[in-house]
Protein chains: 2
Amino acid sequence: MLATVGSSEKPRTGRRPGENTTRAAIADAAQHQFAELGYDRATIRGIAAEAGVDPALVVHFFGSKQRLFVSVMAPPFQPEEEMPRILAGPRAEIGRRLATFAVGQLEDPRSRRVIVGVIRAAASEPEAARMVRDLVAERMVGAIARGLGTDDARLRAELVASQIIGLVMARYVIRAEPLASRPPAALIEAVAPTLQHYLTGSLTPAEHRSRGG
Amino acid sequence: MLATVGSSEKPRTGRRPGENTTRAAIADAAQHQFAELGYDRATIRGIAAEAGVDPALVVHFFGSKQRLFVSVMAPPFQPEEEMPRILAGPRAEIGRRLATFAVGQLEDPRSRRVIVGVIRAAASEPEAARMVRDLVAERMVGAIARGLGTDDARLRAELVASQIIGLVMARYVIRAEPLASRPPAALIEAVAPTLQHYLTGSLTPAEHRSRGG
């Protein structure tokens, strides 16, 4: 359960036995507290207490609260690998593939915790919103935009992100019913045409599908 | 500037001259602080200070912080009047009419402040999320659902809300570029087909458009 905390977890020489376990316990506690309390109310002291370590050890491993957040709230997958794979398949099914991947991530409790934590943090205060814009969104939106490769790819990727963020808010944060209880397959059906539209459809009717292919 | 605070502002007999102005000043300060600080960090004391009144007067007029929030963060329009009007027109343009209305509200600084404040509050802590679910969302989603009148109308209305919430987050909270700088007309173009799909399209391909029309 304490395993994969993402790309910041590079093997280093000189690391003592037990260090990985401690780092993972801190990361786990940090993910939990950022998701539950939001960025603002989560504290290094509280995270250390939940992990059962001294606060100084949290600072030793991760630095500031901001760097801890960026480190442990990294996407629970590698966007640079996943997005090109999703975007490279048959074009007519691109929205469904991306919807299936996104809903799959949201239905996995550990991934959901990170995604909900990042979105709640972005909503709750400007510093976190800046971090999300600069770091987390950059990796996600950047990977989709590079995969699309069109002039308007960034805007398209951000429209996709807007729908996924809104789905997270409505289903997992506000928990609006019946949306919150719909099975994942039904969500994928509902959202796939939207993502297909944003990725491949015409966004400007004046030009009538200037993108072509 | 301190004028319309919405439906809670009913004329009452026995109100002294200046009372409306004071209430409006408090409501204005509350909207500002809820939107800027979020529900959690906004305080009755801080709101009173911004309005230039004694905190006791805030409690006198509005009661608790929770009741103040619900009162001043009400939708800046009457969903029960606007939604039937939007939904009653030609069916093929229903998504565009709703997108035009939603983007229009978001581009009006005073409406935007309320909408952003409500969404940020919902994201930042569970008590506010419950309030949004129970009160604010009920009026919006309820009005759309009643206007549609189908069995799955609530789910459709919530999917619409999810896209609008996500747009607010991406454009006005996270301020992702280029989405944040796109002109309103371009936003309407991009989002209208999504809302049309959620309101009138097939959400379950197994049944192949069982809704008919």
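Q163(A) reaches across both chains: leaving out residues up to four places away in sequence, it touches V191(A), T194(A), L195(A) and Y198(A), along with S162(B), Q163(B), T194(B) and Y198(B). Contact here means heavy atoms within 4.5 Å. Before going further, note that this is a predicted model, in which local features need pLDDT of at least 70, side-chain atom pairs count only at pLDDT 80 or more, and totals for chains, interfaces and linings use all residues. Residues are numbered from 1 along each chain as its sequence is written, chains are lettered from A and ligands numbered from 1 in the order in which they are written, and side-chain values use heavy atoms, with hydrogens and water left out.

Q163(A) belongs to helix α9 of chain A. Helices (H or I, at least four residues) and strands (E, at least two) are DSSP runs, numbered from the N terminus. With a relative accessible area of 1%, Q163(A) is buried. Buried means under 20% relative accessible area, exposed means over 50%, and partly exposed is in between, using a 1.4 Å probe and protein chains only. For a sense of scale, Q163(A) and A30(A) are 133 residues apart in sequence, and their C-alpha atoms are 27 Å apart in space.

**The chain as a whole**

Chain A has ten helices and zero strands, giving the pattern α-α-α-α-α-α-α-α-α-α along the sequence. Of its 213 residues, 52% count as buried. Among the contacts in chain A with a separation of 6 or more, 63% are between residues 24 or more positions apart.

**How the copies are related**

Two copies of a chain are related by a rotation about an axis and a shift along it.

What kind of peptide bond joins E177(B) and P178(B)? It is a cis bond, with omega about 15°. In chain A, the bond from E177(A) to P178(A) is cis with omega near 15°. P178(A) sits in the loop between α9 (153-173) and α10 (184-200) of chain A, and P178(B) in the loop between α9 (153-173) and α10 (184-200) of chain B. R175(A) is found in the loop between α9 and α10 of chain A, and R175(B) in the loop between α9 and α10 of chain B. Neither arginine is a glycine, yet phi is positive for R175(A) and for R175(B).

| Residue | Phi | Relative accessible area |
|---|---|---|
| R175(A) | near 60° | 52%, exposed |
| R175(B) | about 55° | 51%, exposed |

**Helices of chain B**

Helix α2 (residues 44-51) and helix α3 (residues 55-62) of chain B have axes that come within 8 Å and cross at roughly 105°. Axes are lines fitted to C-alpha atoms, for helices over the stretch in contact, and angles run from 0 to 180 degrees between N-to-C directions. α2(B) and α3(B) are therefore roughly perpendicular to each other. Angles under 35 degrees count as roughly parallel, over 145 as roughly antiparallel, 65 to 115 as roughly perpendicular and the rest as oblique. Where they meet, I44(B), R45(B) and A48(B) in α2(B) face P55(B), V58(B) and V59(B) in α3(B) as contact partners.

P79(B) is found in helix α5 (residues 79-88) of chain B and, at 0% relative accessibility, counts as buried. Not counting residues up to four places away in sequence, P79(B) touches P84(B), R139(B), M140(B) and A143(B). P79(B) and A48(B) are 31 residues apart in sequence and 30 Å apart in space, C-alpha to C-alpha.

Further along comes α7(B), where twelve of the 16 residues are buried, so α7(B) is largely enclosed by the rest of the structure. Among those buried are S111(B), V114(B), R120(B) and S124(B).
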